[in-house]
Amino acid sequence: MTVAAKRGRKAVKDPTRSFFDDLVARGHEPLLQNDSGTLRFDLVDGRRVEHWYVSIDEGDIAVSHDDAAADTILRTGRSVFDQIASGRMNALVSVLRGELVPEGDVRLLMAFQRLFPGPPRPRASRRTNVRERSPR
Amino acid sequence: MSTDLVQILEGNTFVVSDARGDIEATLTDPTGLFSFDTRFLSRWVLTVNGERLNALSTDDLHYYEARFFLVPGTGTVYIDSKLSVIRRRAVGFGFSEELTILNHDEAPVALEVRLEAGSDFADLFEVKDALKKKGSYTSRVERGDLVLGYRRDTFERGTRISASERAKVDRAGLTFKVRIPAHGSWATELHVTPTFGRLEKVVQELAKGRRAKRAGAMARGLEKWVEKAPRVECDSDVVRRTYDRSLVDLAALRFAPLTLSGQALPAAGLPWFMTMFGRDSIFTSLQALPFAPELAATTLRALGERQGTRLDDFRDEDPGRILHEMRFGEMTAFEERPHSPYYGSVDATPLYVVLLDEYERWTGDTRLVRDLEVEARAALNWIDGYADLQGNGYISYKRRNEETGLENQCWKDSWDSISYRDGTIPGFPRATCELQGYAYDAKMRGARLARLVWKDAAYADALEKQAADLKRRFNRDFWIEDGGYFAIALDADGRQVDALTSNNGHLLWSGIVDRAKAKAVVGHLMGKRLFSGWGVRTMAEGEGRYNPIGYHVGTVWPFDNSFIAWGLRRYGFKEEAARIAEGILAASGFFDGRLPEAFGGYPREMTKYPVQYPTACSPQAWSTGTPLLLLRTMLGLEPIGEHLVVDPALPVGIGHLELLDIPGRWGRIDAFGRGRVQTS
């Protein structure tokens with residue numbers, strides 16, 4: 001794990017829920033404008049499995065718990081997903097490691113993973129060579 | 001020993017063995033079966049009656065297939081064997097090996113045939129750096145197969161070995177008790193298949209269609225690839241041979257990202273760099289555009305899918321940044337290496353926009369330009385935002401991952417490639433000159449796409465204004481007045497890093513050089529200090545760090561020269577471009593049509609042949625692409641509107657040259673030329 005990832009930004013109580021809430025708030029995501037399909041997240045917590053459905057229609061995003069046909073299924077522990085949703089774990093790394101197991105359309109996952117946040121950044125590195133201002 | 005190694009490969013799966021077909025991995029002989037950057041087999045040794053075999057001959061029939069002719073016994077000069085052993089191996093998903101034994105005797109024989117098998121499941125990075133493993137190993141017999149396994153937490157990889165003939169299987173190999181009648185034969189087919197633990201299902205799904213491919217289908221695929229490419233007719237044997245070889249090597253270098261079913265892009269080099277590299281995949285796609293434009297389309301899509309969206313110091317990732325290198329092994333999985341993917345390159349991002357525009361100019365595929373609008377804009381934004389580390393309007397680089405990140409993020413990525421005349425090396429950040437050229441070109445081309453496809457004239461105007469401003473500042477800040485050329489970089493204090501280098505040629509290619517300065521620049525490129533007779537040296541003779549066999553400080557890089565030739569054409573220096581083409585193509589004749597990554601910078605009249613620089617990786621994608629781009633520059637091919645303009649300037653020695661069926665927005669077109677430029 002990176003140094004940056006270990007140190008904290010203020011912890012969110014339920015990073016998974018706030019990640020999905022944030023998706024709903026976005027409504028439309030230009031990064032996904034060429035993509036359509038449904039991702040199902042199976043988040044395992046002991047015996048409980050929480051299902052989240054994210055439907056993408058040329059960039060329009062809808063989130064629900066309602067059963068629907070999925071193009072991509074992602075299975076992982078709820079605690080692992082909490083880390084991914086808060087940027088403390090990289091989604092692609094968790095796939096390589098076998099902690100996040102995808103099934104079905106992997107292209108959709110590749111497109112979607114761009115929406116996960118980056119690692120929390122320690123204050124110190126802000127003054128180094130990254131200018132935080134967003135261009136333009 | 002490594003010169004005797006036999007390599008076969010398909011995508012990112014490859015087998016490296018000795019001339020007998022055996023694998024006994026050691027530190028100095030990195031042999032094995034590799035897939036997804038993991039070694040799945042590190043021991044694979046054949047014995048007959050306890051004896052090792054002796055290689056009579058080895059054929060690498062195709063890049064994915066090899067045949068080994070063997071006899072029992074080793075070390076003797078005189079071989080009189082009553083047995084022949086043939087191993088025919090083909091790579092697909094893992095590999096298959098057809099093992100045949102012929103009995104030449106008039107009496108039957110009883111043999112014990114054994115294959116020892118084992119795996120260390122090393123990550124490619126561990127193979128390179130000899131690191132120790134952290135997980136645990138298993139080996140078991142399951143339904144007659146030998147199954148090797150490795151596990152570290154949830155990370156699991158395995159190797160399944162099966163045989164078509166009955167074998168006694170133990171945890172270290174397979175033994176066959178064989179009776180072969182007089183003048184008879186025996187055969188078995190072995191399969192070695194990588195497994196991926198919990199990811200098995202998805203990998204199987206993605207690899208479908210790859211695993212079933214047999215040698216026959218592979219051969220037809222290669223034939224089709226060659227048929228689809230333009231044909232070359234030429235008086236020069238060297239040109240014809242080099243072209244044929246480049247086409248086949250380019251086929252071997254194709255790498256199909258799992259997420260884009262069946263489409264391929266050029267990987268960087270064979271076999272250790274069979275993965276997606278931003279810089280290498282883009283440069284090679286540019287070189288190959290007149291021949292195989294579909295490579296560019298896949299490169300653009302695949303790199304776009306993986307474009308940076310976050311700030312991540314470990315990966316040197318920024319929003320809009322195009323990746324440097326992607327890897328799938330254990331060290332990447334546990335973040336001991338940042339390649340998931342790693343973004344530490346500063347040229348790939350502007351070059352991404354350059355490729356998108358050049359691709360559209362050739363193919364007219366505006367749909368791809370529309371699909372990638374968000375990515376292209378993000379790349380253009382990155383140039384003026386995150387890449388401008390010093391806030392001075394220039395791209396520069398300094399890694400944020402100080403442990404495992406790359407220090408040098410431009411194509412000359414060795415530690416001493418950037419220096420002042422006196423050999424001193426600047427600190428970081430560094431703003432190398434070619435990056436500013438790429439940025440200028442990206443803005444100009446981005447403006448064209450904005451106007452033509454994205455229908456955003458205001459954005460196009462803004463980009464052109466920025467480009468003009470950049471060009472003006474660049475010609476003031478990088479120009480070395482008393483030398484008449486451009487500095488290789490500006491250091492952290494804005495001071496010129498003043499060694500004379502081949503980077504000046506890339507500046508011509510990008511169009512950032514003021515017309516009035518071009519003649520002086522060309523004078524340097526073609527002058528004695530930079531031009532060796534074979535090509536332009538990476539660094540000029542007489543500079544503090546100049547060394548004719550120094551990686552980026554004096555050797556000649558074919559790839560570098562192909563872009564310099566393109567730059568010379570851009571500024572109208574046709575004859576100079578022809579001289580470079582002549583030198584590089586003549587050199588390729590000494591390498592059997594396969595240009596190495598680099599060769600020595602010794603003067604041509606001194607050595608008479610190009611002295612190869614030793615590298616681990618051959619063929620190298622952008623060296624393979626070099627003859628293709630040189631064909632383009634010699635014929636002066638330039639897409640203008642719906643037409644392909646042909647304006648040949650060929651060296652005399654080449655004679656008559658025809659390039660037939662050049663694909664593009666015009667359908668297919670032929671180009672002709674005759675050598676008239678005196679080169680010596």
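B:F121 sits in the loop that runs between β11 (109–118) and α1 (124–129) of chain B. Its phi is near 45 degrees, a positive value in a residue that is not glycine. The model is predicted, and the predictor gives the complex an ipTM of 0.90 and a pTM of 0.94.

**Backbone features of chain B**

- B:F121 has 27 other C-beta atoms within 10 Å, so this residue counts as buried.
- A second residue with positive phi is B:E335, at about 60 degrees, and B:E335 is not a glycine either.
- B:E335 is found in the loop between α7 and α8 of chain B.
- B:E335 is buried because 20 other C-beta atoms lie within 10 Å, and the cut-off for a buried residue is 20 or more.
- The loop between α7 (330–333) and α8 (348–363) of chain B also holds B:P341.
- B:S340 and B:P341 are joined by a cis peptide bond, with omega about -10 degrees.
- Another cis peptide bond leads from B:F428 to B:P429, and its omega is near -5 degrees.
- B:P429 belongs to the loop between α10 (373–384) and β21 (431–432) of chain B.

**Chain B as a whole**

- Chain B contains 19 helices and 30 strands.
- The C-alpha trace of chain B spans about 85 × 55 × 50 Å along its principal axes.
- Why does the radius of gyration of chain B agree with that of a compact globule? A compact globule of 680 residues would have a radius of gyration near 26 Å, and chain B has 27 Å, so the two values agree.
- Of the 680 residues in chain B, 54% are buried.
- Take the contacts in chain B between residues at least 6 apart in sequence: 64% of these join residues at least 24 apart.
- The average pLDDT of chain B is 93, and 96% of the residues score at least 70.

**The two domains of chain B**

- Chain B is divided into domain 1, covering 2–215, and domain 2, covering 229–677.
- The C-alpha centres of domain 1 and domain 2 of chain B are 39 Å apart.
- Where the domains of chain B meet, 17 residues of domain 1 are in contact with 16 residues of domain 2.
- On the domain 1 side of this contact, the elements of chain B that give two or more residues are β1 (6–10), β2 (13–17) and α1.
- Which element gives the most to the side of domain 1 of chain B that touches domain 2 of chain B? The answer is α1(B), with three residues.
- By class, the side of domain 1 of chain B that touches domain 2 of chain B has nine nonpolar, four polar and four charged residues.

**Chain A**

- Chain A has six helices and five strands.
- Along the sequence, these elements of chain A follow the pattern α-α-β-β-β-β-α-α-β-α-α.
- Buried residues account for 36% of the 136 residues of chain A.
- Among contacts in chain A with a separation of 6 or more, 69% are between residues 24 or more positions apart.
- A:D14 lies in the loop between α1 (3–6) and α2 (15–26) of chain A.
- Is A:D14 buried or partly exposed? A:D14 counts as partly exposed because it has 13 C-beta neighbours inside 10 Å.

**Contact between chain A and chain B**

- How many residues of chain A are in contact with chain B? There are 34 in chain A, and they are in contact with 35 residues of chain B.
- On the side of chain A that touches chain B, the elements giving two or more residues are α4 (91–97), β5 (101–104) and α5 (106–112) of chain A.
- The residues on this side of chain A divide into 16 nonpolar, ten polar and eight charged.

Key:
Residues numbered from 1 in each chain as written. Chains lettered and ligands numbered in written order. Predicted model: local features only at pLDDT ≥ 70, side-chain atom pairs only at ≥ 80, totals over all residues. Helix = DSSP H or I, 4+ residues; strand = E, 2+ residues; numbered from the N terminus. Rg over C-alpha atoms; globule rule 2.2 N^0.38 Å. Buried ≥ 20, exposed ≤ 12 C-beta atoms within 10 Å, placed from the backbone. Contact = placed C-beta atoms within 7 Å. Nonpolar A, V, L, I, M, F, W, Y, C, P; charged D, E, K, R; others polar. pLDDT = per-residue confidence, 0-100. Domains from an automatic or database assignment.
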